[in-house]
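Me: I would like to learn how to read the features of a protein model, one at a time. Could you take me through them slowly, giving the general idea before the case at hand?

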Amino acid sequence: MQVEPISMSSAIAWTPEAEARLKEIPFFVRPAARKKIEKFAEEAGMTQITEEVYEQAKAKFGSK
């Protein structure tokens, strides 16, 4: 069994617009939110987080 040495965050690219939206989240929950959004994108077969993907994840997780 081969184990991927790369973390999830380095495997998924974020657009500058999506990164800017992520910065709207309070700093103390931002790492958990990033991980959750990346997992959402990965499960959907996406390799990049765009503003649209960010909004889809936000809607799924019930954020205002």
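**Reading the model, feature by feature**

Reply: The structure holds 2 aromatic pairs, where the rings of Phe, Tyr and Trp (its six-membered ring) pair if their centres lie within 6.5 Å, and planes under 30 degrees apart count as stacked, over 60 as edge-to-face and the rest as tilted. This is a predicted model, in which local features need pLDDT of at least 70 and side-chain atom pairs count only at pLDDT 80 or more, while totals for chains, interfaces and linings use all residues. Residues are numbered from 1 along each chain as its sequence is written, and side-chain values use heavy atoms, with hydrogens and water left out.

Me: Why is the pair of F27 and F28 edge-to-face?

Reply: A pair of aromatic rings is described by the distance of the centres and the angle of the planes. The rings of F27 and F28 have planes at 90° and centres 5.6 Å apart, so this pair is edge-to-face. Both F27 and F28 are exposed, where exposed means over 50% relative accessible area, buried means under 20%, and partly exposed lies in between (1.4 Å probe, protein chains only).

Reply: F40 and F61 also form an edge-to-face pair, with 6.3 Å from centre to centre and 75° between the planes. This pair links distant parts of the chain, since F40 is in helix α3 and F61 in the segment after α4, 21 residues apart. F40 counts as buried because its relative accessibility is 13%, whereas F61, at 32%, is partly exposed.

Me: Which residues form a nonpolar patch on the surface?

Reply: Patches are made of residues with over 30% relative accessible area and no salt bridge, like charges being joined within 9 Å and nonpolar side chains (Val, Leu, Ile, Met, Phe, Trp, Tyr) within 5 Å. Here F27, F28 and V29 form such a patch, with about 360 Å² of accessible area together, an area that comes from the Shrake-Rupley method with a 1.4 Å probe, where for residues only the protein chains shown count as cover. V29 lies in the loop between α2 and α3, and with a relative accessible area of 35% V29 is partly exposed.

Me: How many salt bridges does a search of the whole structure find?

Reply: A salt bridge is a side-chain nitrogen of Lys or Arg within 4 Å of a carboxyl oxygen of Asp or Glu, and the search finds 6 of them. One of them joins R34 and E19, whose closest N and O atoms are 2.9 Å apart. Because R34 lies in helix α3 and E19 in helix α2, the pair ties together parts that are 15 residues apart in sequence. R34 is partly exposed at 24% relative accessibility, and E19 is partly exposed at 25%.

Reply: In another salt bridge the side chains of E55 and R21 meet at 2.5 Å, N to O. That pair links distant parts of the chain, with E55 in helix α4 and R21 in helix α2, 34 residues apart. E55 is partly exposed, with a relative accessible area of 32%, but R21 is buried, at 17%.

Me: What separates E43 and K39 in helix α3?

Reply: E43 and K39 form a salt bridge with their closest N and O atoms 3.9 Å apart, and because they are 4 residues apart in the helix, about one helical turn separates them. E43 is exposed at 57%, while K39 is partly exposed at 45%. Elsewhere, salt bridges that share partners join R21, E24, E51 and E55 into one network.

Me: Which residues have the most contacts inside the largest nonpolar core?

Reply: A nonpolar core is a set of buried Ala, Val, Leu, Ile, Met, Phe, Trp, Tyr and Cys residues joined through side-chain atoms within 4.5 Å. The largest one has 13 residues, and those with the most contacts inside it are W14, L22, I37, I49 and Y54. Helices α2, α3 and α4 each supply at least two residues of this core, and the largest share, 4 residues, comes from α3. Leaving out residues up to four places away in sequence, L22 touches W14, R30, R34, I37 and Y54, where contact means heavy atoms within 4.5 Å.

Me: How many helices and strands does the protein chain have?

Reply: Helices (H or I, at least four residues) and strands (E, at least two) are DSSP runs, numbered from the N terminus. The chain has 4 helices and 2 strands, and from the N terminus on they run α-β-α-α-β-α.
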